[in-house]
Every structure is written in structure tokens, then in C-alpha cells.
Amino acid sequence: MRPMSSLSRDEVAHVAGLARIHLSDEELDTFAGQLDSIVGFVASVNEAAADDIPPMSHPLPLTNVTRPDEVRPSLTADEALSGAPASEQQRFLVPRILSED
Amino acid sequence: MDAVVDYDEAIATYDPVMGLEVHVELNTETKMFCGCATEFGAEPNTQTCPVCLGLPGALPVVNAKGVESAIRIGLALNCEIAEWCRFARKNYFYPDMPKNFQTSQYDEPIAFEGYLDVELEDGTPWRVEIERAHMEEDTGKSLHVGGATGRIHGADHSLLDYNRAGIPLIEIVTKPLVGAGERAPEIAKAYVGALRELMRALDVSDARMEQGSMRCDANVSLMPKGAEKFGTRTETKNVNSLRSVERAVRYEITRHAAVLNEGGSILQETRHWHEDTGVTTSGRPKSDADDYRYFPEPDLVPVAPSRELVEQLRATLPEPPAERRKRLQGEWGFSDLEMRDVYNAGAVETIEETIAAGASAAGARKWWTGEIARLANKAGEPFVEFAAQRHVTPKTIAELDGLVTSGRLNDSMARQTLEGVLAGEGTPTEVADARGLELVQDDGALEAAVTKVIEANPDVAQKVRDGKVQAAGALIGQVMKEMKGQADAAKARSIILEQLGQA
Ligand SMILES: [Zn+2]
């Protein structure tokens with residue numbers, strides 16, 4: 001069971017960094033508090049869940065939803081690129097990538 | 001340029017530990033989570049849809065064939081197949097995945113705990129333990145523009161083609177390979193080669209390293225000889241040929257040893273292999289960006305293959321390549337050494353097809369692994385490509401072999417014929433016709449030539465008469481010269497022995 005007040009300010013800053021979201025010191029204070037409350041609310045589910053109830057990642061008790069390996073029409077290149085801010089040589093143009101892989 | 005030490009010296013001081021991650025692109029008609037086609041080499045961005053472009057609201061659906069192929073691969077690698085497993089999101093920011101995550105599997109791979117037995121070049125067996133094989137999707141292809149062509153450094157911007165994004169991939173991960181010692185690079189190569197052979201036998205992938213449908217990342221670390229705690233590893237990415245796998249592992253061993261000998265420590269990082277210079281260069285250090293915040297994919301339901309399905313799929317497994325080779329070796333009557341040469345040259349299928357096209361087993365082997373492999377080696381090209389580029393097919397070699405076994409050509413004429421075929425002069429029969437290559441079938445001419453040579457070489461002839469049969473070799477050479485090479489040497493020999501009373 002996850003105790004209350006488990007999410008530190010540093011953790012929030014770390015996750016924000018991974019998500020490429022810049023937060024000011026004040027925002028960090030605000031969000032750390034709010035997120036900690038949310039984690040606390042969600043943790044209360046643990047109180048209801050007995051050991052014999054497996055955790056679910058999906059609300060429906062379904063498995064093996066598949067489709068046959070049959071080709072469906074794709075978008076045209078023009079359609080695919082229509083939402084791109086910029087394109088070149090029928091490809092999506094993105095700013096310079098700083099490091100490989 | 002990084003310092004390296006001599007390989008033997010490195011191995012005398014350190015024990016290498018390897019971990020190999022191989023990505024295999026499946027040959028399904030459609031992508032893993034959408035119905036887009038997967039054709040190689042299509043015009044950019046013509047095989048995409050809202051799902052594989054990560055557009056809002058698009059929902060993925062799993063390709064049934066992708067799951068079946070994953071299970072068949074798992075079974076062929078002697079793995080357990082999960083009774084229940086999920087996909088997971090691997091979150092990262094890089095434009096090769098428009099969704100900002102890759103759908104993969106995390107702690108619930110579809111296949112785990114297996115092994116693959118491989119054979120080293122000298123025939124030594126080696127078991128490689130498999131940790132897991134999981135399902136995921138391929139990324140798009142980037143083109144870096146500006147600066148040095150194709151290189152990321154100095155590029156102004158990058159261009160993305162998402163045709164490949166979403167193509168099913170199976171990632172096969174070994175357990176740490178320990179105890180390989182000096183044979184580590186060779187084992188890496190043999191393992192990747194055996195995997196490639198297995199994928200083709202299963203018909204789940206064309207496994208073409210040069211086209212990227214099979215890619216290998218090689219983790220290497222060194223620890224002092226006899227130690228048990230692994231050293232820091234580096235991961236050399238996307239090594240795209242069997243030979244490069246061997247060279248890259250070998251290079252990293254010599255580089256690590258140089259750093260460690262100086263009392264330095266290895267930086268945990270990715271490395272890039274450079275085929276042309278045969279070295280790796282520093283890629284990206286292990287960092288915060290490696291925190292992928294995996295979580296179960298909410299848009300896909302779990303995969304729970306029934307045991308019936310698993311057994312059905314097990315029944316579709318092909319004969320394991322190693323057993324198949326044993327069987328073929330028996331059928332073809334090759335020695336262990338001959339079969340190993342054939343295997344190491346990558347010529348098993350080619351020879352099988354050549355025999356199916358009507359060639360003798362001995363002839364097929366001789367022409368492919370003797371003559372053509374030799375010429376390809378001289379040209380510095382892989383032999384299958386060397387032959388294909390020159391329109392030499394199994395059928396061509398079967399025809400050439402037929403000209404020899406039917407008695408029209410002798411060995412040296414057949415060699416000349418092959419030369420002509422490789423030079424693009426036509427089929428073996430056409431070349432032999434055009435070059436006037438044909439054994440003289442007239443025994444009278446041959447008899448006359450033998451008589452003439454015996455008269456001109458009384459000393460040698462006397463030796464043969466006295467029972468020194470091997471001396472006849474010198475006479476055969478003279479006779480062949482007399483016949484301008486257009487005679488059957490075996491026949492010439494028997495006539496010589498006959499005339500000298502040794503038949
Ligand atoms: Zn698609």
C-alpha cells in the first residue's frame with residue numbers, strides 16, 4: 001500500500017523533465033502538492049483490493065482482440081503530410097536532431 | 001581515435017561477457033497495430049494511417065499473424081510461451097516515433113527462458129541461453145539533411161518517413177554470455193547467423209541484415225580473468241552484417257582492455273559501428289532519457305494464447321536447421337569438413353537448389369564453394385550476391401555440371417565456360433558453343449597423341465613400363481598439351497598406361 005505524501009518535489013521535477021515540460025519553482029511546489037493528493041486518492045483503491053484481485057490495465061475483461069493480417073488502404077502521402085507544420089521530399093520535416101538514437 | 005590493445009593480450013587479461021539483442025522485422029503483410037502495408041522500398045509516407053502516425057483518437061488492433069509469428073519464434077528458441085501478457089508503452093521523445101512512445105512489451109514478454117544451440121566454424125557446439133523474445137513495433141526512418149550527407153552531426157534538419165513505423169518487430173535478448181573467452185566474437189557471429197537461418201526456416205522474416213530487417217545490438221563488457229562481477233558494458237548499435245558482428249565485438253574487447261589497462265573506467269554508453277574503418281565511436285551516454293516510464297498499454301487488451309493454439313503452432317515448426325543440415329549432409333555424402341565449408345560459406349540452400357535442378361551433389365559443392373566462392377572472395381564480395389549479380393543461379397550451375405557429367409567438357413573447359421558465364425556471355429551451353437569448347441571424342445586422335453608423346457619421352461615412358469605408374473602424370477600433361485586441352489585427362493591416362501603395358 002502506498003503511504004500518503006509519497007511523491008516528492010524532486011520526483012515531480014524529474015518526471016516533468018522526462019516529459020519535456022518546464023516548470024518554475026512555484027509550479028513545482030503547486031503541482032507536487034496536487035499530484036501527491038491525486039496519488040493518495042488513487043492509493044485508497046489498494047485498501048479495497050484484496051490480494052486475490054489481480055491488477056487490471058483495462059476496464060474490460062477481454063483478451064486476444066486481434067485482426068487478420070490483411071492490408072487496408074493507407075492515407076496518401078499528401079493526406080499523411082497535411083497536418084505536418086513542414087515537409088520536404090514527401091517527408092515530415094523536423095528540426096535538427098541533437099543526438100543519434 | 002580510441003586506443004586499443006592487441007586482441008590476444010586483452011583476452012589473456014580479461015574475460016569478456018556479451019549480451020546480444022537482435023531485432024527481427026516480421027514479414028507480415030500489414031503492420032503490428034494497423035492495416036498499413038509493409039512493403040520495403042515504397043515511396044515515402046505512402047504506407048501510413050492515423051494509427052501508425054499517432055493521430056489523436058486512433059486505436060490500435062493487434063495483427064493476429066504477428067502474435068503467431070512471435071509464438072513460433074519463441075517455440076523455435078525453446079522458450080516458454082506466456083499464458084497471459086500485455087503490451088506496454090515505452091515513452092521517449094524522438095521523431096522516429098510520432099506517438100512519442102513505442103508499443104513494446106516490458107516485464108511480460110510473450111516468450112522467455114529458452115536457448116539456441118549454435119555451431120562454431122570448426123564445428124564446436126555452443127548453447128546460447130535466451131532470456132526473452134518480445135513483440136514491439138519498428139520506428140520510422142530519418143534522413144538528415146545539410147552538413148555531411150546522411151550524418152546527424154552538422155545536419156540542418158531531419159526528414160521522416162513513417163512507412164516503417166509500426167512494422168512488427170520481435171526483439172530477441174540473450175542472457176549474458178559468459179565463459180566464451182577468446183571465442184566471444186566468433187560466438188556472436190555464429191549466434192546471429194543461426195538466428196538468421198532459423199528466421200528464414202520459420203518463414204517469419206527475410207532476415208536481411210543489409211536491408212535492416214534483422215539488426216543486432218551487441219553489449220560487451222570485460223572483467224578481470226576469473227572475476228565474477230561483470231564490468232561496465234557498452235552497447236554497439238545496429239551492426240548490419242554477420243562479419244561486422246564479429247568485428248565489432250572484437251574491437252570493443254580491445255578498446256575496453258586498453259581503457260582498463262590504463263586504470264580507467266568504461267563509460268556506459270551506446271557506440272556506433274563504422275564498417276569502413278572497423279571502429280566504434282561514442283554514441284550517447286546512459287542518462288535520464290533511458291527512463292522510459294513503461295506502463296501497460298491501455299488501448300490494447302492482454303494477449304492470452306491458449307495452450308491449444310501454442311500446440312497447433314508448435315506443430316508448424318520446421319525441421320531445426322542444424323538437424324536439417326545433418327540430414328542433407330547424409331543425403332549428399334559430404335564429409336564433416338565439406339559440409340562445414342558449405343555452411344560457413346552460406347551455401348546450403350544454394351547447393352540444395354542446384355541439386356534439385358539436376359546437378360550432382362559433388363559437382364554442386366565443387367562449383368559453388370570451390371570456384372565461385374573463390375572468385376567472390378577475390379572480388380571481395382559475399383558469394384551469394386556475387387553470383388546473383390552475374391546471373392549465376394542454381395540452374396546455371398546444374399547446366400554446367402551436366403556438361404561435365406555428360407562428357408562434353410573436362411574440368412578446365414568447364415572452368416573456362418564458367419568464366420564466360422560470369423562475364424555475361426550467356427548460358428553454359430551458349431558459352432561452350434561460342435568458345436568451341438568440346439572434348440575430342442575421337443579416340444584415334446588421342447591414341448595418336450599418346451604414341452607421339454611416348455616416343456618423345458622415352459625415359460619417362462620407361463619408368464612407367466618399370467612400374468612407376470605415378471610418372472605417367474608428366475605424360476598426361478604433354479598429351480593434354482598436344483590435344484590443346486580438349487581431351488579427357490582420365491581417358492588419356494588410361495590409354496598411356498595401356499600403351500605402356502600397365503593397364
Ligand atoms: Zn498504419
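Tutor: Start with a term: two strands pair if DSSP finds at least two bridges between them. With that, β8(B) and strand β9 (residues 157–161) of chain B pair in the antiparallel sense, over 5 bridges. Keep in mind that this is a predicted model.

Student: Ok. Which residue stands opposite K141(B) in β9(B)?
Tutor: That is D161(B).

Student: What sheet does β8(B) belong to, and in what order do the strands come?
Tutor: The sheet is open and has 4 strands, ordered β2(A)-β3(A)-β9(B)-β8(B), with antiparallel pairing. Its strands come from chain A and chain B.

Student: Which strands are at the edges?
Tutor: β2 (87–88) of chain A and β8 (141–145) of chain B, each of which pairs on one side only.

Student: Let's stay with the two chains. How many residues does each put into the contact?
Tutor: Chain A brings 37 residues and chain B brings 56 residues.

Student: And what area is buried between chain A and chain B?
Tutor: About 4100 Å², with carbon and sulfur atoms giving 57% of that. The size of an interface is often given as the accessible area lost when the parts come together.

Student: How many salt bridges cross the interface of chain A and chain B?
Tutor: The rule finds 0 salt bridges there. Polar contacts do occur: 19 residue pairs between chain A and chain B are counted, both residues at pLDDT 80 or more.

Student: Which elements of chain A supply at least two residues to the side that touches chain B?
Tutor: They are α1 (9–18), β1 (66–67), α3 (77–81) and β3 (91–95) of chain A. β3(A) gives the most, with 5 residues. By type, the residues on that side of chain A are 16 nonpolar, 11 polar and 10 charged.

Student: You listed β1 of chain A. What does β1(A) pair with?
Tutor: With strand β2 (residues 62–63) of chain B, in the parallel sense and over 2 bridges. Within β2(B), N63(B) is the bridge partner of R67(A).

Student: Back to salt bridges. How many are there over all chains?
Tutor: A search of the whole structure finds 39 salt bridges. One of them joins the side chains of K225(B) and D15(B), at 3.0 Å from N to O. The two residues are 210 residues apart, so the pair links distant parts of the chain. K225(B) lies in the loop between β11 (214–224) and β12 (234–239) of chain B, while D15(B) is in strand β1 (residues 14–25) of chain B.

Student: Which sheet holds β1, β11 and β12 of chain B?
Tutor: An open sheet of 9 strands with mixed pairing, in the order β3-β6-β7-β10-β1-β11-β12-β13-β14 of chain B. Its edge strands are β3 (80–81) and β14 (279–285) of chain B. β14(B) runs antiparallel to strand β13 (residues 269–274) of chain B, joined by 5 bridges. There, H274(B) has V279(B) as its bridge partner in β14(B).

Student: New topic. What does UniProt place at residues 349–500 of chain B?
Tutor: An unreviewed UniProt entry places the feature "domain: Asn/Gln amidotransferase" there. Over residues 349–500 of chain B, the chain is 72% helix and 0% strand. The end C-alpha atoms of that stretch are 47 Å apart.

Notes
Residues are numbered from 1 along each chain as its sequence is written. Chains are lettered from A and ligands numbered from 1 in the order in which they are written. This is a predicted model: local features need pLDDT of at least 70, side-chain atom pairs count only at pLDDT 80 or more; totals for chains, interfaces and linings use all residues. Side-chain values use heavy atoms; hydrogens and water are left out. Contact means heavy atoms within 4.5 Å. Buried area is the accessible area (1.4 Å probe) that two parts lose on being put together, summed over both. A salt bridge is a side-chain nitrogen of Lys or Arg within 4 Å of a carboxyl oxygen of Asp or Glu. A polar contact is a pair of N or O atoms within 3.5 Å; within protein, one must be able to donate a hydrogen and the other to accept it, and residues adjacent in sequence count only if both atoms are side-chain atoms. Ala, Val, Leu, Ile, Met, Phe, Trp, Tyr, Cys and Pro count as nonpolar, Asp, Glu, Lys and Arg as charged, and the others, Gly among them, as polar. UniProt positions are given in the numbering used here, feature names are shortened, and annotations may be inferred rather than shown by experiment.
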